[in-house]
Amino acid sequence: MSRPHSSFLKTEGLGIRFGSFQAVGDVSLHLEPGARQALIGPNGAGKTTLINLLTGVYKPSSGRIYLDGQDITDLSCDQRARLGLVRTFQINTLFPSLTPLESVVLAICEREGLGSCWWKPVRRYTQVHEEAHEILRRLKLDTLAQLPVATLAYGKQRLLEIALAMAARPRILLLDEPAAGVPQGESGELFEAVAELPSHIGVLFIEHDMNLVFRFSQRISVLVAGKILMEGNAAEVGTDPRVREVYLGKSTHIGGHHG
Ligand SMILES: Nc1ncnc2c1ncn2[C@@H]1O[C@H](COP(=O)(O)OP(=O)(O)OP(=O)(O)O)[C@@H](O)[C@H]1O
Ligand SMILES: [Mg+2]
């Protein structure tokens, strides 16, 4: 069975120093086509920094990044995005006064290099609108399409951020704490939408809630102090004594059991 435009992402010995501080070191990560992979680790472990390296925000101090075998280490953020490497941010980046429909239309226009496409020929405009509606339907935002973003529940706003990423036609999506700030009752719904994204899109997501991580990832990479401590499935990670020690010993997010 051929799946459209599946990609795999690989790093070799990837690292970055800020001055004398090694924020990420010697990370060799592999994301299979269509993966649902979680990146976990305590606060300050280097998770966001790793995503900034993958997307080209930071230039690595060491190592290489490959997309479908092509070395993309020296490509710009834009060039990587055009190859299908797309991310969302830990912090909400939406325009509150636009509607979801307007937001997604703008994102599609940006992808297509159409500038302010409101003034382009009607047929082109209709195509963009149809695509925008399809993306909003996929993320179950269609009934909210015409409301100002600021009036949406926060969980819906975060779904809209994924919709905007979808407008870039990703082959690999990097989600930095997509459920951050979302009430617990709504975060499952958000991850269900992520799980149901087209199967050719590989997803690497950062998440602190282990219940969500175990429920929605097939593979988990554990980052501690900038290095991959271990990788495995939920059972392997959940029973690993080193992982338990990191979380039960120090983290404020999980457990928080102090003597
Ligand atoms: N541009 C920078 N300059 C200097 N230090 C940085 C820079 N970016 C990140 N760091 C440091 O690198 C470390 C890793 O930060 P990062 O934001 O990647 O952690 P994280 O795993 O995403 O944490 P959290 O779970 O809190 O989001 C931190 O100590 C941070 O202060
Ligand atoms: Mg972070």
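A residue counts as buried under 20% relative accessible area, as exposed over 50%, and as partly exposed in between. Asp142 has a relative accessible area of 36%, so Asp142 is partly exposed. The structure is a predicted model, and the same cut-offs are applied to other residues below.

The overall picture comes first. The chain holds nine helices and 11 strands. Its C-alpha atoms fill a box of roughly 60 × 45 × 40 Å along the principal axes. A compact globule of 259 residues would have a radius of gyration near 18 Å, and the chain, with 19 Å, agrees with that. Of the 259 residues, 50% are buried. The accessible surface of the chain is about 12600 Å², and carbon and sulfur atoms account for 54% of that surface.

Contacts and charges complete this overview. When contacts between residues at least 6 apart in sequence are taken, 67% of them join residues at least 24 apart. The chain carries 27 positive and 27 negative side chains. The centres of these two sets of charges lie 3 Å apart.

The chain is divided into two domains. Domain 1 is made of residues 1–84 together with 170–259, and domain 2 covers 97–169. The centres of domain 1 and domain 2, taken over C-alpha atoms, are separated by 26 Å. Domain 1 gives 19 residues to the contact, and domain 2 gives 14 residues.

Two residues in helices come next. Val213 belongs to helix H7, which spans residues 210–216. Val213 counts as buried because its relative accessibility is 0%. Leaving out residues up to four places away in sequence, Val213 touches Ala38, Ile40, Phe205, Glu207 and Ile220. Asp26 is 187 residues from Val213 in sequence, and their C-alpha atoms are 24 Å apart in space.

Ser187 sits in helix H6, residues 184–195. With a relative accessible area of 5%, Ser187 is also buried. Apart from neighbours within four places in sequence, Ser187 is in contact with Ala179, Val182 and Leu212.

Arg87 is part of a strand, S7, which runs over residues 85–88. Is Arg87 buried or exposed? Its relative accessibility is 14%, and therefore Arg87 counts as buried. The residues that Arg87 touches, other than those up to four places away in sequence, are Ile51, Asn52, Thr55, Val57, Ala165, Leu174 and Asp176. Between Arg87 and Leu75, 12 residues apart along the chain, the C-alpha separation is 15 Å.

Phe95 lies in the loop between S7 and helix H3, the latter at residues 100–112. Phe95 has a relative accessibility of 58% and so counts as exposed. Phe95 and Leu83 are 12 residues apart along the chain, and 26 Å separate their C-alpha atoms.

The loop between helix H4 (122–138) and helix H5 (154–166) holds Lys140. Asp142 is found in the loop between H4 and H5 as well. Leaving aside neighbours within four places in sequence, Asp142 is in contact with Leu136 and Arg137. Asp142 and Thr55 are 87 residues apart in sequence, with 29 Å between their C-alpha atoms.

The backbone at Lys140 deserves a separate remark. Most residues other than glycine have a negative phi. Phi of Lys140 is near 55 degrees, a positive value in a residue other than glycine. Asp68 is another residue other than glycine with a positive phi, near 50 degrees. Asp68 lies in the loop that joins strand S5 (62–67) and strand S6 (70–71). The relative accessible area of Asp68 is 33%, so Asp68 is partly exposed.

Notes. Residues numbered from 1 in each chain as written. Chains lettered and ligands numbered in written order. Predicted model: local features only at pLDDT ≥ 70, side-chain atom pairs only at ≥ 80, totals over all residues. Heavy atoms only, no water. Helix = DSSP H or I, 4+ residues; strand = E, 2+ residues; numbered from the N terminus. Rg over C-alpha atoms; globule rule 2.2 N^0.38 Å. Buried < 20%, exposed > 50% of the residue type's maximum accessible area, 1.4 Å probe, protein only. Contact = heavy atoms within 4.5 Å. Areas by Shrake-Rupley, 256 points an atom, 1.4 Å probe, with all protein chains shown as cover. Lys, Arg positive; Asp, Glu negative; His and termini not counted. Charge placed at Lys NZ, Arg CZ, Asp CG, Glu CD. Domains from an automatic or database assignment.
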